[in-house]
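Let's take a friendly walk through the charged side chains of this protein. Have the viewer ready, and we will go pair by pair.

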Amino acid sequence: MNELLNRLKNSINRQILNKINSALLEQYKFVPISVKDDFLFVVINSQTDKNVVNTKLKEYYPQQVKFITVPDNDLAELINGIKADMEKGGSDDGT
């Protein structure tokens, strides 16, 4: 995993991620990372439809969305890593 992916993965707020069905991450090609300064930061790739993701996220979060675009392979690797962590029961939300 490259440095950018490591930083993104380590920045993920599990409470945010756990509110969203993991199947949506793959289907719509996005990963919500964290909320800072009243913005929800979301990782996407070149195939992601920002309007669809924005609409989906508004169901859960009132914040404005800021997108971070990464290469397609990096997003796939990030999603696969998250799914593997979830399957291991790694929903470490700090509680």
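What you see is a predicted model. Side chains of opposite charge can pair when their charged atoms come close. In this structure, there are three salt bridges to find.

Start with Lys9 and Asp85, which form a salt bridge whose closest N and O atoms are 3.2 Å apart. Lys9 sits in helix 1 (residues 3–11) and Asp85 in helix 5 (residues 72–87), so this contact ties together parts that are 76 residues apart in sequence. How accessible are the two partners? Lys9 has a relative accessible area of 22% and is therefore partly exposed, whereas Asp85, at 14% relative accessibility, counts as buried because the cut-off is under 20%.

Stay on Asp85 and look for Arg14. These two also form a salt bridge, again with 3.2 Å between the closest N and O atoms. Arg14 belongs to helix 2 (residues 14–18) and Asp85 to helix 5, so to speak a link between distant parts of the chain, 71 residues apart. Arg14 and Asp85 are both buried.

Now move along to Glu26 and Lys83, whose side chains meet in a salt bridge of 2.9 Å, N to O. Here helix 3 (residues 22–28), which holds Glu26, is linked to helix 5, which holds Lys83, and the two residues are 57 apart in the chain. Glu26 is partly exposed at 38% relative accessibility, and Lys83 is partly exposed too, with a relative accessible area of 23%.

Conventions:
Residues numbered from 1 in each chain as written. Predicted model: local features only at pLDDT ≥ 70, side-chain atom pairs only at ≥ 80, totals over all residues. Heavy atoms only, no water. Salt bridge = Lys/Arg side-chain N within 4 Å of Asp/Glu carboxyl O. Helix = DSSP H or I, 4+ residues; strand = E, 2+ residues; numbered from the N terminus. Buried < 20%, exposed > 50% of the residue type's maximum accessible area, 1.4 Å probe, protein only.
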